[in-house]
Amino acid sequence: MSHPILNVEDVTKTYDGFKAISNLTFYLFKGELRTVIGPNGAGKSTFFDLLTGRAKPDSGTIVFGQNTDLTSMNEYQINRLGIGRKFQTPSVYTDHTVWENLLLSLKGPRGVFATLFSRTTAAQRGRIDELLETIRLGEKRHWLAGQLAHGEKQWLEIGMLLAQEPEVLLVDEPAAGMTDEETARTGELLISLAGKHTIVVVEHDMTFVKQIARDGTVTVLHQGSVLCEGTFDFVQSHPRVREVYLGRGK
Ligand code: ADP
Ligand code: MG
């Protein structure tokens with residue numbers, strides 16, 4: 001196989017003596033749509049904190065591409081490298097329209113004021129149209145983001161993340177609080193982005209995981225380490241996984 005785009009080896013992160021991440025090794029390949037599952041407290045969000053520079057590992061290595069050491073960089077630098085993260089709760093500009101939210105997120109050096117009060121270029125408008133189509137909010141482009149349904153806000157935020165043109169997208173529990181229909185549409189959206197982007201999705205909802213995993217790799221985290229890794233069917237039928245996670249009626 002080719003060189004991994006993310007190379008995480010033997011990483012440990014301790015909080016007050018508690019190993020939130022414990023000797024974690026994880027390889028992610030370009031264009032993958034990887035799903036990470038695991039019970040509450042397994043270390044999934046901490047893993048994203050480590051990848052994005054929000055937290056620093058006690059030991060181990062995290063390398064992006066051929067040789068970029070992420071453990072020596074801050075959040076801003078890592079984001080600039082092309083690693084974007086979507087948190088669980090949407091953070092859109094509620095008093096601005098969907099269109100403006102996307103404009104404000106486009107890759108570029110200008111501040112909020114300058115962006116909103118200067119002319120937009122044809123290239124910017126074209127890119128926003130593309131994003132609106134991707135997140136299927138074209139008809140609501142003039143709505144204030146605050147008026148959108150929960151699911152639509154999440155899609156807008158994914159659009160805002162895409163506007164930054166990240167190479168790697170880290171998405172934490174996108175289906176939380178969504179209706180079944182919104183969840184299914186979110187799955188379609190993420191599947192449509194795979195290949196062009198490399199995506200890691202942390203998720204609890206197993207119907208959703210099954211939808212997006214298809215024949216891709218699912219990583220099961222347990223007590224900060226990889227418990228097992230493989231196709232959805234493989235991990236679902238793995239006795240240890242059933243014991244620690246699926247068997248608990250979730
Ligand atoms: P998950 O996202 O899988 O539910 P987390 O990564 O949020 O799990 O948490 C893993 C463990 O690490 C939990 O026991 C949590 O309390 C602990 N933890 C995570 N972040 C911090 C922090 N900033 N300070 C102290 N403990 C933390
Ligand atoms: Mg979490």
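## The strand β3

In this predicted model, strand β3 is covered on both of its faces, with Leu-33, Thr-35 and Ile-37 buried on one side and Arg-34 and Val-36 buried on the other. In a regular strand, side chains alternate between the two faces of the sheet. Because 5 of the 5 residues of β3 (residues 33-37) are buried, a term that here means under 20% relative accessible area, the strand is largely enclosed by the rest of the structure.

## Pairing of β3 with β8 and β9

Strand β3 pairs in the parallel sense with strand β8 (residues 198-202), over 4 bridges, and it also runs parallel to strand β9 (residues 218-222), to which 3 bridges join it. Val-36 takes part in both pairings: Val-202 stands opposite it in β8, while its bridge partner in β9 is Thr-219.

## The helix α8

Within helix α8 (residues 206-213), the buried residues include Met-206, Phe-208, Val-209, Ile-212 and Ala-213. Because these residues cover an arc of only 150° around the axis, they lie on the same side of α8. An α-helix has 3.6 residues a turn, so residues three or four places apart point the same way. The buried residues of α8 pack against β3, β8 and β9, and also against the helices α7 (180-193) and α9 (232-237).

## The ends of α8

Just after the helix, Arg-214 adopts a positive phi of about 45°.

Notes:
Residues numbered from 1 in each chain as written. Chains lettered and ligands numbered in written order. Predicted model: local features only at pLDDT ≥ 70, side-chain atom pairs only at ≥ 80, totals over all residues. Heavy atoms only, no water. Buried < 20%, exposed > 50% of the residue type's maximum accessible area, 1.4 Å probe, protein only. Helix = DSSP H or I, 4+ residues; strand = E, 2+ residues; numbered from the N terminus. Pairing = 2+ DSSP bridges. Arc of directions from axis to C-beta. Contact = heavy atoms within 4.5 Å.
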